[in-house]
Amino acid sequence: MNDPGQAARELGRLLTRTEAAGIADRLLDGDTLTTALKAVATGKRAQARRLLVLVAPATSDGQGTHRYLPVLRAIEGARTISTRLTPVWTMPGHLAQSGPLTSSVTRLIDSARQSVTCSTFNFQRTSALWTALHKAAQRDEVAVRLYLDTKAADGNGQHWSPSTAEVAAHLAPATVWRTKTFDRTYVRNHAKFLAVDHRLLLVTSANFSWSAENNNVEFGVLIDDPNLTETVERELWEAEGILYEQVS
């Protein structure tokens with residue numbers, strides 16, 4: 001690919017607002033491109049460099065790395081979206097007066113068009129997400145990814161809590177990851193969130209269970225921010241194989 005326009009489009013899809021701003025700020029501080037690219041997730045640095053060079057090839061006018069600034073600032077601006085925050089509650093008797101209830105989260109999954117990524121400590125068959133995620137995983141256009149705590153699922157001996165293998169079988173062809181030992185210490189997955197279409201991010205105290213969705217007092221925040229959502233997802237992607245192992 002030698003078309004600068006196409007390269008610019010690909011670069012815009014590749015970089016988040018934070019990454020584009022980070023590269024530009026470092027270049028303005030006098031850093032080399034190699035150093036500036038440390039603002040980008042490790043797995044994307046080589047591609048980001050290649051696309052930047054295609055978008056703004058070297059010239060003889062002495063601009064140096066500053067020639068990359070216009071496209072980086074354009075990506076930063078285009079990616080700047082006002083963040084919207086909504087409280088999400090679980091309360092007995094549905095007493096919460098602000099925001100939707102945790103039990104309504106299945107609607108987010110049902111409306112997914114591209115992807116659903118989620119993480120939980122405890123996943124039970126009583127959860128409404130047990131069915132909603134299964135349905136989403138059967139849709140060819142939706143990629144479902146789930147992170148689980150191994151001991152919570154495989155080490156409790158309770159028939160009402162499915163094992164990681166049972167979760168993977170139920171959600172097939174979704175990708176299911178479970179925690180493993182790191183540096184001789186067992187890793188506990190206590191992150192509880194749901195990301196939809198790389199845009200909507202629900203961070204919540206609730207596990208995936210009927211009681212957490214209906215009978216406990218739980219609180220979460222639904223965040224409409226693609227930059228933050230992509231960043232959260234990427235953190236776990238890059239931990240795969242290190243802190244997590246895929247469930248066959």
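Predicted model: local features only at pLDDT ≥ 70, side-chain atom pairs only at ≥ 80, totals over all residues.
Me: Why is R178 called partly exposed?
Reply: The relative accessible area of R178 is 22%. Buried means under 20% and exposed means over 50%, so R178, at 22%, falls in between and is called partly exposed.

Me: Where in the chain does R178 sit?
Reply: You will find R178 in strand β4, which covers residues 175-179.

Me: What makes the link between the side chains of R178 and T164 a polar contact?
Reply: The two side chains come to 2.9 Å. A polar contact needs a pair of N or O atoms within 3.5 Å, and the R178–T164 pair at 2.9 Å is therefore counted as one.

Me: Which residues does R178 contact, leaving aside neighbours within four places in sequence?
Reply: Among them are L148, D154, T164, Y244 and E245.

Me: Which residues touch the most other members of the largest nonpolar core?
Reply: They are F123, L133, L146 and L194, out of 29 residues in that core. Elements giving two or more residues to this core include β2 (115-119), β3 (143-148) and α9 (164-171). Helix α7 gives the most, with 6 residues.

Me: What does L146 touch, not counting residues up to four places away in sequence?
Reply: Its partners include C118, F123, V167, W177 and F208.

Me: Which residues does the second, separate core include?
Reply: That core has 23 residues, and L37, L52, V55 and V71 are among them.

Note on methods
Residues numbered from 1 in each chain as written. Heavy atoms only, no water. Helix = DSSP H or I, 4+ residues; strand = E, 2+ residues; numbered from the N terminus. Buried < 20%, exposed > 50% of the residue type's maximum accessible area, 1.4 Å probe, protein only. Contact = heavy atoms within 4.5 Å. Polar contact = N/O pair within 3.5 Å; in protein donor to acceptor, adjacent residues only side chain to side chain. Core = buried A, V, L, I, M, F, W, Y, C linked by side-chain atoms within 4.5 Å.
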